[in-house]
Amino acid sequence: MRQHILKFFNPETNLTITKSNLHIGQLLKYEFRVRNKSNLFKVTKDFFKLIPNGSPLKERHFSTCAVVGNSGILRNSSCGQEIDSMDFVMRCNLPQIEGYEKDVGSKANFTTMNPSVVSHNFGQWRNKTKDDYDRLLRRLKQVGDQILYVPALTIAFGEEYVRVITQVVLQHKLPMKTAFPPAGLNNLIKKIWTNPGLKISGLRPSTGVHMYTLAATICDQIHLYGFYPFTKDKRGRALRYHYYGTMEKQIDKEAHNMQEEFRVFQQLHRRGAVVLHSETCN
Ligand code: CDP
């Protein structure tokens, strides 16, 4: 898988846009347009400050990695200790960790955050309360000096949330290393996964597929936890969509095809390219 993926994706050059070929005021095209919204994203002075000079994963390599998805299957899994024992831990969409440490661990070396997470998990931002702001700040502080990966250039409706993230990080001088994937990554990843036998249809590969793709280039052994896009576990017990919170969201079949992705991960598991954990850990 590493050899195959490296033909298309290089974590040193494709992980993030860098300062070297950008300037303040530049207009960047989003990968996906939204009707009645501008398809251009403006590089403001503040945003420019957070663009790195180079990939934060340059020359990094790990023996064991955990990619932690957000499926409800993680509740009561007792997988926390096992996850934290991995050399590099990747988490998706700034998930809640506090209160779930026993099941999901607490280590996070790489955390993704779709801009829309600001409104989905931290209140309706336009009517934000001080409490919403404090919760977002508190959660971003937990990233510490590790990597925060924000797909700011994917879809045209995230601009105001990117501004919010930028403002919080700068105002509070948060020490994280930020990374912003270039527009076009979704199509690149779709191309990678269109290899015969790994075909994934659906509009966009899910965050989990993006993270596995990245992990395959920098990790020798990859463990997936919280990848289980079903409403019931193997014993027929009802599962939440996410392990945290109370959201009853259903799988968004318009955006992703997570069940098809899951079947591909099962194949990769059988071929030894990943360890897919969908049982409890004790
Ligand atoms: O950004 P996205 O909607 O893809 O992700 P998310 O809901 O924050 O969850 C992170 C990842 O966990 C997903 O991209 C899936 O790979 C995985 N997941 C899953 O397999 N089953 C679920 N019920 C929820 C998430």
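Leaving aside its neighbours within four places in sequence, with which residues is Thr178 in contact? In this predicted model, the residues concerned are Leu50, Pro52 and Leu148.

Thr178 belongs to strand S7, which covers residues 177-179. The relative accessibility of Thr178 is 8%, and the residue therefore counts as buried, since that term applies to values under 20%. Leu50, already named as a contact of Thr178, also takes part in a polar contact with this residue: a polar atom of the Thr178 side chain lies 2.6 Å from the backbone oxygen of Leu50.

Is Gln167 buried, partly exposed or exposed? Its relative accessible area is 38%, so Gln167 is classed as partly exposed; this class lies between the limits of 20% and 50%. Gln167 and Asp46 are 121 residues apart along the chain, yet their C-alpha atoms are separated by 7.6 Å.

**Aromatic rings and charges**

A pair of aromatic rings is described by two quantities, the distance of the centres and the angle of the planes. The count of aromatic pairs in the model comes to 15. One of them joins Phe41 and Phe47 in an edge-to-face arrangement, with 4.9 Å from centre to centre and 70° between the planes. Both Phe41 and Phe47 are buried. These two residues also belong to a cluster linked by ring pairs, together with Tyr30 and Phe180.

Charged side chains are placed over rings as well. Arg163 lies over the face of Phe41, at 4.9 Å from the ring centre. Lys19 lies over the face of Phe48, at 5.5 Å from the ring centre.

**The ligand and its polar contacts**

How many residues surround the ligand? The number is 17, and the closest are Asn70, Asn93, Thr207, Gly208 and His242.

| Residue | Part of the residue | Distance to a ligand oxygen atom |
|---|---|---|
| Ser206 | polar side-chain atom | 3.2 Å |
| Thr207 | side-chain N or O atom | 2.6 Å |
| Tyr228 | backbone N or O atom | 3.0 Å |

Taken alone, the ligand exposes 510 Å², of which the protein buries 95%.

Methods:
Residues numbered from 1 in each chain as written. Predicted model: local features only at pLDDT ≥ 70, side-chain atom pairs only at ≥ 80, totals over all residues. Heavy atoms only, no water. Helix = DSSP H or I, 4+ residues; strand = E, 2+ residues; numbered from the N terminus. Buried < 20%, exposed > 50% of the residue type's maximum accessible area, 1.4 Å probe, protein only. Polar contact = N/O pair within 3.5 Å; in protein donor to acceptor, adjacent residues only side chain to side chain. Contact = heavy atoms within 4.5 Å. Phe/Tyr/Trp six-rings, centres within 6.5 Å; stacked < 30°, edge-to-face > 60°. Lys NZ or Arg CZ within 6 Å of the ring centre and 35° of its normal. Near = heavy atom within 4 Å. Areas by Shrake-Rupley, 256 points an atom, 1.4 Å probe, with all protein chains shown as cover.
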